[in-house]
Amino acid sequence: MYNTVFIFDRMGANISDLNLGSNDYPIDVSLPQVPNMNVPPSERPDLKAIANLITDGKAKSIITMTGAGISTAAGIPDFRSPGTGLYDNLQKYDLPYPEAIFDISFFHENPEPFYALTKELYPGKFLPTKTHYFLTLLHHKQLLLRAFTQNIDTLERLAGVPDDILVEAHGSFASARCVKCKEMAANDMIPRCEHCKTGIVKPEITFFGESLPDRFFKCVRDFESADLLIVIGTSLKVQPFASLIDQVDMKTPRLLINREVAGVGFYPFQGFDFTSDRDAVWLGDCDEGVEELCELLGWRKELDVLYAAGHAELKKLWAEEKERAGAVAGKLDDQTAQEREESLVIERLAEDLERTVRLPKDAEESEAWEEKGEKEREERKKAEGQAGEERRKEETERKVMEAVREAQAQEVEIEVTTVIVEVKREEVEVKVETAVTKNKTTTATEEVKPEVTEQEIKKDNVD
Ligand code: OAD
């Protein structure tokens, strides 16, 4: 089991046994600084500087880290974008909190919301985006050491990123297993296990509270040998994945392509520092960022050909599969009354989701959305010209500084919490002392109990 292997972050802290969603990330700020911090914007790396590293042969072992943002152009909503993200659209599911849909304890109590979501997001109608094909292109150029993804939609596989390069850190829909007897299940939507007959089948997606796949822990060591890290389409809010950006060497350049600034650390050399001479950020739609990077690399045509050929092949394959799928239709007749009732609940919840989140109905629509996006960004770029590029730079600078201020405010919050704990600790000590003094003058044998316990301190702090 690789998840028992210890993984140490750049500061020597152990992050190996963190479950998905765990925020117990240990922080040590004692190591010396390497990149230059707070350099003027003109000295910070940009997309061109990153492209130069590749063309000059300085970046030959690239690791990519991706998230839901690379699939939104295909019609799959991300999780946290205000308004359009999944977590803003699950009100009808009556969840105690939105992430509960991926929480293993909640799933055991109430699996239906998850199956409704699965029904809507199941692979088979979403086509990979330009960004997915960019990963494949990096592989074709023999530059891709690993592609770490948090996505469960299997679009990297469909775009041709090979299994031995890909690390699906949060599992995927590609396989399913019974939660009770752990037997692998056929890759379909039947929630009952055909092996033990009682357990239900869950796609092998990592839920909050579950350990990440063994492959994640095995491949994390590759970060040490990466000479460039490219992070695309993720808010970097979920641990331990988010901390992977600190697994590369302190001098290894890093690039973030995302709609918003993400991953800014509140301690030096923890997280991105876009005011340093090491980390580059490109803000906007990732397909546009990837296209621009490919232009700079002279790869744009190859990217477009790969994308068009990949889509044509997938659409052909799915059309053939659809023709063969007629036989599945009779399945409803074999369902028990309980299964029929569950199916109806799932159907109703899935329809609710369809009403709030607009999803493509088939591969044609997924492709049409991607193409519409491409046309719009080309028209916009043409209309904006050089002025648009200048505005983008100014906007990026403003957003980077805003993120830095937010990160600093977070640091203050943490310090304040520490002070409160210390004050409470002192209070306890004073109370114990008073109690001891009182005790001495009354019954010397009586056990002294502080009025506030350590546990209460922790609880107060959480509240
Ligand atoms: P989030 O929804 O947290 O973040 C998506 C990021 O992508 C946001 O910063 C968006 O601004 C950005 N974004 C969206 N569309 C984009 C586009 N077209 N171009 C560029 N950027 C875009 O998704 P993740 O970071 O992937 O866990 O979330 C991590 C994990 O949280 C997921 O793996 C999931 C969830 O709970 C599981 O499924 C177990």
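**Ligand contacts, cores and helices of the predicted chain**

A backbone N or O atom of Arg80 lies 2.7 Å from an oxygen atom of the ligand. The model is a predicted one, in which local features need a pLDDT of at least 70 and side-chain atom pairs count only at pLDDT 80 or more, whereas totals for chains, interfaces and linings use all residues. Residues are numbered from 1 along each chain as its sequence is written, and side-chain values use heavy atoms, with hydrogens and water left out.

Thr234 places a polar side-chain atom 2.7 Å from an oxygen atom of the ligand, while for Gln150 a backbone N or O atom is found 3.2 Å from a ligand oxygen atom.

The pLDDT, which is the predictor's confidence in each residue on a scale from 0 to 100, averages 81 over the chain, and 73% of the residues score at least 70. Residues 28–33 have a pLDDT below 50, and beyond near neighbours in sequence this stretch has six contacts in the model, contact meaning heavy atoms within 4.5 Å. The pLDDT is also below 50 over residues 439–463, a stretch with 21 contacts in the model beyond near neighbours in sequence.

The chain contains 11 helices and nine strands; these are DSSP runs numbered from the N terminus, with helices (H or I) of at least four residues and strands (E) of at least two. Of its 463 residues, 46% count as buried, where buried means under 20% relative accessible area, exposed means over 50%, and partly exposed lies in between (1.4 Å probe, protein chains only). Among the contacts in the chain with a separation of 6 or more, 72% are accounted for by residues 24 or more positions apart.

A nonpolar core is defined here as a set of buried Ala, Val, Leu, Ile, Met, Phe, Trp, Tyr and Cys residues joined through side-chain atoms within 4.5 Å. The largest such core has 64 residues, and Met65, Ile101, Phe102, Phe148 and Phe216 have the most contacts inside it. Two or more residues are given to this core by each of β1 (62–66), α2 (104–109), α3 (112–121), α6 (214–219), β7 (228–232), β9 (279–283), α9 (337–356) and α10 (363–441), and the largest share, five residues, comes from α3. Not counting residues up to four places away in sequence, Met65 touches Phe148, Phe223, Leu229, Ile230, Val231, Ile232, Leu236, Phe241, Leu244 and Ile245. A second, separate core of 40 residues includes Ile50, Val161, Leu255 and Tyr307.

In helix α1 (residues 47–55), the buried residues are Leu47, Ile50, Ala51, Leu53 and Ile54. They lie on the same side of α1, because they cover an arc of only 155 degrees around the axis, the arc being that of the directions from the helix axis to the C-beta atoms. The buried residues of α1 pack against β1, β7, β8 (254–258), β9 and α7 (286–297). Just after α1, Gly57 adopts a positive phi of about 75 degrees.

Helix α4 (residues 130–140) is mostly covered, with nine of its 11 residues buried; these are Lys130, Thr131, His132, Tyr133, Phe134, Leu135, Thr136, Leu137 and Leu138. Following α4, Gln142 has a positive phi, near 60 degrees.

Glu374 is found in helix α10 and is buried, with a relative accessible area of 16%. Leaving aside neighbours within four places in sequence, Glu374 is in contact with Lys130, Glu291 and Arg300. Glu406 also has its place in helix α10, but Glu406 counts as exposed, at 54% relative accessibility. Although Glu406 and Phe266 are 140 residues apart in sequence, their C-alpha atoms are 8.7 Å apart in space.

In helix α7, Glu288 is buried, with a relative accessible area of 3%. Apart from neighbours within four places in sequence, Glu288 is in contact with Trp282, Arg377, Arg380, Lys381 and Arg392.

Terms used. A polar contact is a pair of N or O atoms within 3.5 Å; within protein, one must be able to donate a hydrogen and the other to accept it, and residues adjacent in sequence count only if both atoms are side-chain atoms.
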